Structure formats: structure tokens, C-alpha cells
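User: I would like to learn how to read a protein model feature by feature. Please take me through one.

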Amino acid sequence: MDATDRILQEITVVGRCLEAMDLKITDLSAASVSIRTNIACFSEKVVDLDQRLTNVEDHIGMLPEHDAELQTLREKLTDLEDRRQRDSVHFFGIPEKKEGTKIKAFLQSLLPKLTVLTFSPPLEFQRVHRISPPCSISSGRPRPMIACFFYHKQARQVLLKARSQGSFLLEDQEVRVAEDSSRIANEKCKVFLALRPQLRKLDITFGLFEPGRMIIHEWAPGDTY
């Protein structure tokens, strides 16, 4: 191979290398365009997120102005929930399966004997059922029973009798009764009940009224009941 052919061959190799480099440059240019597009999209998202954050901060800044209104609405909702549940009564300690398949009829027959109360008109319930899943039976304690009375007066009769007597006995099994109330009212009652020992030590008279209200009065010399 003479010098001319060798030079032509080398020029051909160099040309192929340049073509390959040109293809790589083209690919890099396309990648660069894609990166710039992604950066532009990311910048738009950052601007959008910044605007959303600003809106949230503005909203949070306005909340204190509505705190009183929100608290009023919460109290109204809690009151409505308590009023809706005031005809429901919980029964704790009634043995499992004691009610058989007719739970309403069972409670209609049981309550007059258990409470020694006369109900007129006869007892009626909107619904009666056990609460908590059946798997809790394995704990050894019977599941609570909840009854929604048809007549509000009859629910109050049972609750007042339970308050005066404390609990009832069913075949040597203690049965306790409690009114149904909202979660917020229950939480308030728990706080109040925890305060009772301290109030007694301070000789402060108090009372717990439904739903979740506590009245405290420190008797001064000369006060009468």
C-alpha cells in the first residue's frame, strides 16, 4: 500500500470518528433541550407550590379571627349529638347469650324485674344490640348492651333508678347502667370524675349534670342548701 492509499484510509477513519462524534453531540444537544424543559417545568411547580404555601399561610393567619365561631359550632354539634343519644342507655354485666334471639323482648321482660319499676305505657325500644365484636367474648367479660328507648321518659326512669341504687343484680351478676353520650361529653366526664377526690378533700360541693357539665359551689358560713 503506497502513501496515498494509507492517507486516504486514515482520512476515512477520521471521517467515521467525526460522524460518530457528531451523532453524540446531537444526542447531547437533545438531552440538553430535555433538561432545560424539565427545569422549566420544575420552576413552574416551585412557583405553584410557593403560591399554595402563601395561600395556606394566609388562611392560617385568618383562623384566630374565627376561633370563637368554630368553638360555638363545635359546642352546637356536640349538643345535637348528645340530644340524639339521650334516649340510649348502656347495660354492663348482662351475661352473653342471655337474651337469646329476641333481644328486645328479653329486655322488655328483664327491666321491670331488674329495676322494680312500673312502665306505662309498656316498654318499647327502637333498637337493642350488643356492642363490640364477638371476638371480645374471649376476654371473659360480657359485651355491653345498648338500648334506644322509644319513650325518653322510660330511659330517664331507668337511669334515675340506677343512680339512686348504684347497680342491679341479675342471678348474682352485677349489672350497671349508664347513659349514652358523645365522645366529647365522655372525655369531659372523665376529667370531672378525676377531680372528685380533690374537691371532697377541699370540702367543695359539686354536681355532675348531663351532658358533661360540672357545677361547683364552695359553701360559705351561713349558706343553706
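User: Where is the place of Pro121?

Analyst: This is a predicted model. Pro121 sits in the loop between H2 and strand S2 (125–130). The peptide bond leading from Ser120 into Pro121 is cis, with omega near 0°.

User: How many helices and strands does the protein chain have, and in what order do the elements run?

Analyst: The protein chain has 4 helices and 7 strands. Read from the N terminus, the order is α-β-α-β-β-α-β-β-α-β-β.

User: What is the mean pLDDT of the protein chain, and where is confidence lowest and highest?

Analyst: pLDDT is the predictor's confidence in each residue, from 0 to 100. Here the mean over the protein chain is 76, and 70% of the residues reach 70 or more. Helix H2 (residues 103–115) has the highest confidence, at 93, while strand S7 (residues 213–217) has the lowest, at a mean of 58. Over residues 220–225 the pLDDT is below 50, and this stretch has 5 contacts in the model beyond near neighbours in sequence.

User: Is Glu171 buried or exposed, and why?

Analyst: The cut-off for exposed is over 50% relative accessible area. Glu171 counts as exposed because its relative accessibility is 58%. Asp172 counts as exposed because its relative accessibility is 76%.

User: What share of the protein chain counts as buried, and how much accessible surface is there?

Analyst: Of the 225 residues, 23% count as buried. The accessible surface of the protein chain comes to about 16700 Å², and 59% of that belongs to carbon and sulfur atoms.

User: Which contacts in the protein chain join residues at least 24 apart?

Analyst: Taking contacts between residues at least 6 apart in sequence, 55% join residues at least 24 apart.

User: Which residues line the second largest pocket, and how do they divide?

Analyst: The lining consists of Phe92, Leu159, Ala162, Arg163, Gly166, Arg176, Val177, Ala178 and Glu179. These divide into 5 nonpolar, 1 polar and 3 charged residues. S5 gives the largest share of the lining, 4 residues.

Methods:
Residues are numbered from 1 along each chain as its sequence is written. This is a predicted model: local features need pLDDT of at least 70, side-chain atom pairs count only at pLDDT 80 or more; totals for chains, interfaces and linings use all residues. Side-chain values use heavy atoms; hydrogens and water are left out. On a 1 Å grid over the protein atoms alone, a cavity is a set of points where a 1.4 Å probe fits but cannot get out, and a pocket is an open set with protein on both sides within 12 Å along at least five of seven lines; lining residues have an atom within 4 Å of a point. Helices (H or I, at least four residues) and strands (E, at least two) are DSSP runs, numbered from the N terminus. Ala, Val, Leu, Ile, Met, Phe, Trp, Tyr, Cys and Pro count as nonpolar, Asp, Glu, Lys and Arg as charged, and the others, Gly among them, as polar. Contact means heavy atoms within 4.5 Å. Buried means under 20% relative accessible area, exposed over 50%, partly exposed in between (1.4 Å probe, protein chains only). Accessible areas come from the Shrake-Rupley method with a 1.4 Å probe; for residues, only the protein chains shown count as cover.
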